[in-house]
There are 2 protein chains.
Amino acid sequence: MNFSSKILENAVDEISKLPGIGKKTALRLALHLLKQEEQQVEMLGTSITNLKKDIKYCKVCHNLSDRDVCEICSNPGRKKGIICVVQDIRDIIAIENTGQYKGLYHVLGGIISPMEGVGPDDLTIKSLIDRVSSDETEEVIFALPTTVEGDTTNFYLFKVLKGLNISITSIARGISIGDDIEYTDEVTLGRSILNRQPYSGS
Amino acid sequence: MNFSSKILENAVDEISKLPGIGKKTALRLALHLLKQEEQQVEMLGTSITNLKKDIKYCKVCHNLSDRDVCEICSNPGRKKGIICVVQDIRDIIAIENTGQYKGLYHVLGGIISPMEGVGPDDLTIKSLIDRVSSDETEEVIFALPTTVEGDTTNFYLFKVLKGLNISITSIARGISIGDDIEYTDEVTLGRSILNRQPYSGS
């Protein structure tokens, strides 16, 4: 594309480096920004610059945080005995949004994937073992994806944690609430029969 | 969404104000940025901040520019006698990409639309009349959208320009190159028959 302005070209080039945003969308976004108040555009620019510069990772659970220890880990109202292992900070946001979980988290930073060259040492597994060994941990919940890589990671974690005196659980897999049985995929349906639960009347 | 970090929340809030980007996409983009080099993220932030602060509008044609007069208007190789009237800077980029036009442009900044409260005074029509009256202009080309608003704007411009001694043309409308006649919409096909052109053998 031929731009009449280097400043515009720069902005479009930088914006189009974002995933899923091509040159045309980047141009549309840049022209949208030009129609906004200067203050508004500056707030966007500054918030992006600050993002990488000022953000920290929680020393305990590796969650993103503004402080050395994140809000969840430093909240005295949370149950310190339960640690939910997730792949990514997005999973924490999703679980927090349910309002059903009051324990702590541990962000692995990925899952074991030989195809992508991610081994146990690239994840925060050592820090998880340290936490579980030294703390008052009673339970570790696996909340990793149901993929081959997720299952491999679950299995690896199970092997390294089973010697410690804690209960190891996994979040329930089954048919989504509201889904029809006839349209559920075979693997999910099969597993949901194998892992049937005592009927509790709810 | 519950974020563990105010800095992340700020960035997501600001990014999700962009058109077509919701909270989930904004979070995905923010987490992507966190995985990039700090320098890369800062370049994006700075290029956005500079965009609104430093960009100028060409005094002659109202194109976006880094200088008072844009590259096209100040290029001695362009034909000063021809002015192509467009709605928006994106149209300039599209026409420039064809490499077929060597004249100048005039960016209206919109089209007349009573529905959206845009009248002739909100556009750069006065500046166009000044340019056409005082310059060595020979031809004005209308390259506005083929909508009711576009046609209204064409008609308005024609009325105010026809007194001046210039030729007024419009870009050719017809069946796109490569399109099948049977699948062309009625209006386009009808007009392309009415506006048939002498066969030039090419």
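Biologist: Before we start, what conventions apply to the numbering and to the confidence of the model?
Modeller: Residues are numbered from 1 along each chain as its sequence is written, and chains are lettered from A, with ligands numbered from 1, in the order in which they are written. The model is predicted, and local features need pLDDT of at least 70, side-chain atom pairs count only at pLDDT 80 or more, and totals for chains, interfaces and linings use all residues.

Biologist: How many residues of chain A are in contact with chain B, and which element of chain A gives the most?
Modeller: Taking two residues as in contact if their C-beta atoms, placed from the backbone, lie within 7 Å, 49 residues of chain A are in contact with 49 residues of chain B. Among the elements that give two or more residues to this side of chain A are helix 1 (6-15), helix 2 (23-35) and helix 4 (89-98), where helices (H or I, at least four residues) and strands (E, at least two) are DSSP runs numbered from the N terminus. The element of chain A that gives the most, with 15 residues, is helix 3.

Biologist: How are the two copies related, and which C-alpha of chain A is nearest the axis?
Modeller: With copies superposed by least squares on the C-alpha atoms of residues with pLDDT of at least 70 in both, a rotation of 180° with 0.0 Å of shift along its axis brings chain A onto chain B at an RMSD of 0.1 Å. The two copies are thus related as by a two-fold rotation axis. In chain A, the C-alpha nearest that axis, 2.1 Å from it, belongs to A:Gly45.

Biologist: Why do the copies meet through the same surface?
Modeller: The interface residues of chain A can be compared with those of chain B. The copies meet through the same surface because the share of interface residues of chain A that are also interface residues in chain B is 100%.

Biologist: Is A:His62 buried or exposed?
Modeller: A:His62 is found in the loop between strand 1 (56-57) and strand 2 of chain A, and its phi is near 70°, a positive value in a residue other than glycine. A residue is buried if 20 or more other C-beta atoms lie within 10 Å of its own, exposed if 12 or fewer, and partly exposed in between, with C-beta atoms placed from the backbone. With 21 C-beta neighbours inside 10 Å, A:His62 therefore counts as buried.

Biologist: In chain B, which residue stands opposite B:Cys84 in strand 4?
Modeller: Strand 3 (residues 82-86) of chain B is mostly covered, four of its five residues being buried. Strand 3 of chain B is joined by four bridges to strand 4 (residues 104-107) of chain B, and the two run parallel. In strand 4 of chain B, the residue opposite B:Cys84 is B:Tyr105.

Conventions
Two strands pair if DSSP finds at least two bridges between them.
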